[in-house]
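The following questions and answers show how structural terms are applied. Each answer sets a value against a definition and then concludes.

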There are 2 protein chains.
Amino acid sequence: MKTPSMTTLSILCGKGEHIMTQVKRLLINYKTLEEFKQFKEYGIQELSMLEDLESNMIENDSNSPFYGIYFADKLVARMSLYQVNGSTTTYFDHNHDYLELWKLEVLPGYQRKGYGEALVDFAKSFGRPIRTNPRVKSAGFWDKMGFEAVKYDMERDKGENPLIWEPAHIQKNTGESA
Amino acid sequence: MKTPSMTTLSILCGKGEHIMTQVKRLLINYKTLEEFKQFKEYGIQELSMLEDLESNMIENDSNSPFYGIYFADKLVARMSLYQVNGSTTTYFDHNHDYLELWKLEVLPGYQRKGYGEALVDFAKSFGRPIRTNPRVKSAGFWDKMGFEAVKYDMERDKGENPLIWEPAHIQKNTGESA
């Protein structure tokens, strides 16, 4: 997919002060993988990246599926994005390819400053539908971001609670791909 | 799938005392759905069952995909099981159908008494491979139950941390279906 490698966003930083911040595609290196350990949703995805780096199966500074925001030198927010082939799923009409968004997380101390919104806005900027399965109680956040619950389908959703978002041009012109 | 509708198990109940308990397939009715609200992982699956009942799309006391354990009259533990067509997935060799297990949960006050193990043992009794994606930090439990982590595959696993278990007769006789 076309990748806007960097986006500048205005983030609310205490008392109405705004700072400019950037969403960056994260590179796979030991520094990034060490920073990932600060996030609650550290799992086999991160361990697999570490193993691939250690065994030279991937090069240092390869692109990762993660995007993040740094505050000074510290990674304070991240998410993973992956483009799913729409023909294999039944979330969206007309088999649109869509983005699966997971591991959206902002570190404690940096929450409620707009970092999560900045990441989701970045994901939306690809112009594709998005599906996510939020792990924590965050209905208010996703509602504000325009995501809606799907109609439950056991075979497809099993124990998940998927939320979806569609760009306006797809909602209005069904049949027209982005 | 063949459904053992009930299994009697010996549960440790304080100070070495054992009581007999049963895993039951749960029926969809207003009492069950009200009891589900006590569980943390209440989501669109339960809401969908409630809507189907209210709109008469399913009958009162229909079988649900949930299995549970009652202590006296109170539902204290539950899980959901669903048979997945092995040809559409890549978790197990030879395209075995497998059981997806989710929403395994024991209510506070009833934990560490063997209810979780009883439910997983019940799931194993179908003789099929099992896949689960535990939501909470419970590696010790699943390890004790013989579940193992898979090798990460982003397209398949996305942000999940799946664990799998295979019956001995399948592990030993690959190519032989159950």
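Q: What makes strand β3 (residues 62–71) and strand β4 (residues 74–84) of chain B a pair, and in which sense do they run?
A: Strands are DSSP runs of E with at least two residues, helices are runs of H or I with at least four, and both are numbered from the N terminus. Two strands pair if DSSP finds at least two bridges between them. Six bridges join β3(B) to β4(B), and the strands run antiparallel; by the definition of at least two bridges, they therefore pair. Tyr67(B), for example, stands opposite Met79(B) in β4(B).

Q: What kind of model is this, and how are its residues and chains labelled?
A: This is a predicted model, in which local features need pLDDT of at least 70 and side-chain atom pairs count only at pLDDT 80 or more, while totals for chains, interfaces and linings use all residues. Residues are numbered from 1 along each chain as its sequence is written, and chains are lettered from A and ligands numbered from 1 in the order in which they are written.

Q: How many residues lie between β3(B) and β4(B) in their hairpin?
A: The hairpin has two residues between its strands, and Ala72(B) in the turn has a positive phi of about 55 degrees.

Q: How many bridges show that β4(B) also pairs with strand β5 (residues 98–106) of chain B?
A: Seven bridges join β4(B) and β5(B) in the antiparallel sense. Among the residues concerned, Tyr82(B) has Glu100(B) in β5(B) as its bridge partner.

Q: Why does Gly68(A) count as buried?
A: A residue is buried if 20 or more other C-beta atoms, placed from the backbone, lie within 10 Å of its own, exposed if 12 or fewer do, and partly exposed in between. Gly68(A) has 23 C-beta neighbours inside 10 Å, and therefore counts as buried. Gly68(A) lies in strand β3 (residues 62–71) of chain A.

Q: Which residues are in contact with Gly68(A), leaving aside its neighbours within four places in sequence?
A: Two residues are in contact if their C-beta atoms, placed from the backbone, lie within 7 Å. On this basis Gly68(A) is in contact with Lys24(A), Leu26(A), Leu75(A), Ala77(A) and Arg78(A).

Q: Why does Lys158(B) count as partly exposed?
A: Lys158(B) has 19 C-beta neighbours inside 10 Å, and so counts as partly exposed. Lys158(B) lies in the loop between α5 (154–157) and β8 (163–165) of chain B. Beyond its neighbours within four places in sequence, Lys158(B) is in contact with Tyr82(A), Glu100(A) and Trp102(A).

Q: What makes helix α3 (residues 115–124) of chain A mostly covered?
A: Seven of the 10 residues of α3(A) are buried. They are Tyr115(A), Gly116(A), Ala118(A), Leu119(A), Val120(A), Phe122(A) and Ala123(A).

Q: Which residues of helix α2 (residues 44–54) of chain B are buried, and why are they said to line one face of the helix?
A: The buried residues of α2(B) are Gln45(B), Glu46(B) and Met49(B). Seen down the axis of α2(B), they fall within an arc of 100 degrees, so they line one face; the arc is that of the directions from the helix axis to the C-beta atoms.

Q: How many residues does each chain give to the contact?
A: Chain A gives 18 residues and chain B gives 18 residues. On the side of chain A that touches chain B, the elements giving two or more residues are α2 (44–54), β4 (74–84) and β5 (98–106) of chain A.

Q: Why are the two copies said to be related as by a two-fold rotation axis?
A: Two copies of a chain are related by a rotation about an axis and a shift along it. Chain A can be laid on chain B with an RMSD of 0.0 Å by a turn of 180 degrees and a shift of 0.0 Å along the axis. The copies are thus related as by a two-fold rotation axis. The superposition is by least squares on the C-alpha atoms of residues with pLDDT of at least 70 in both copies. The same surface serves both copies, as 100% of the contact residues of chain A recur in chain B.

Q: What is the average pLDDT of chain A?
A: pLDDT is the predictor's confidence in each residue, from 0 to 100. Chain A averages 86, and 84% of the residues score at least 70. Over residues 13–17 of chain A, however, the pLDDT is below 50.
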